[in-house]
Amino acid sequence: MARRPRFSPALWFGTIAWGVALALAPWWIGVPLLPAMAAVLLLLEHRLAPEHRWLLRHGLGWGLPGALFALQRALGGGIFAWVIALLGMLVGYTLLAGLEAWLDRDARRAFKVDTGADGTNQSDAATSDWPRLARAPVGPPAEIIELQAPRWREGTEGIDDPYGGRVVHRDGAYCFDDGTRIDGVGAQAAFSPSGRWFAARLPNDRGIALRDRDTGKLHRLLGWQLDGWYREQPWLIRRHGDMPLSLRAVLGDDAVADD
């Protein structure tokens, strides 16, 4: 809103004198002058100093009755003249209220932003919290995931088991020394770096079979391929060039048959 100059007797005396001067001056001076002042406020709103804007707005409010008094004098001062003056007062102050609302639009918008629903000022709280918010981390901590590529091997002649012994592919199944058997898989297989996971490609490369040797759980994932290992966990892709997903993400989104 327009910043008001400091109160002084001279300022208020000048305001009253302005209204009286328009009342005593010919109507053709005051009546066109007021719209000209309103036009200056609208066209030069952001160029005028706050004090000048306030003086123009204050001058419009006090000058309107003076100019209309001069108009009714020019019309003869009868009943008809006073009716015209009162109608002009009603229309003039209605337009002036609209002008004031338009000029104060930015201040009202800022007030709504700075004031919360309970009427308290939110800008002070936001300002005081700003250093803490600026230093606070945004989102989860970043982590660079580098996958270790699987080492695929043909199991027809046997593959060394990191847990000891060998695994062999016979008749469409992988056989472990402890008696574990994984049926319906192809000959290409790979162990995770420490041997916890065993991966075997399904026939015709239709998917992947993953066995968690610590829990004994087997996952057959149709349409998925093993892209690599991260912290001993398998990460998978649908096709070459896709973003790899962890097994947990795949199990949450796709139908999996566990044996």
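Strand S3 and strand S4 (residues 173-175) run antiparallel and are joined by three bridges. Strands here are DSSP runs (E, at least two residues), numbered from the N terminus. Two strands count as paired if DSSP finds at least two bridges between them. The model is predicted: local features need pLDDT of at least 70, side-chain atom pairs count only at pLDDT 80 or more, and totals for chains, interfaces and linings use all residues. Residues are numbered from 1 along each chain as its sequence is written, and side-chain values use heavy atoms, without hydrogens and water.

Arginine 170 faces alanine 173 in S4. The hairpin of S3 and S4 has two residues between the strands. In its turn, aspartate 171 has a positive phi of about 55°. S3 (residues 166-170) also pairs with S2 (residues 159-160), antiparallel, over two bridges. Here aspartate 160 stands opposite arginine 166. Five residues separate S2 and S3 in their hairpin, where glycine 164 adopts a positive phi near 110°.

Glutamate 232 lies in the loop between strand S10 (225-230) and strand S11 (233-237). Glutamate 232 is buried (under 20% relative accessible area, 1.4 Å probe, protein chains only). It has no salt bridge (a side-chain nitrogen of Lys or Arg within 4 Å of a carboxyl oxygen of Asp or Glu). The nearest side chain of opposite charge is arginine 196, 6.7 Å away. The glutamate 232 side chain makes a polar contact with the side chain of serine 192 at 2.3 Å (N or O atoms within 3.5 Å, one able to donate a hydrogen and the other to accept it).

How values were computed. Helices (H or I, at least four residues) and strands (E, at least two) are DSSP runs, numbered from the N terminus. Buried means under 20% relative accessible area, exposed over 50%, partly exposed in between (1.4 Å probe, protein chains only). Lys and Arg count as positive and Asp and Glu as negative; His and the chain ends are not counted.
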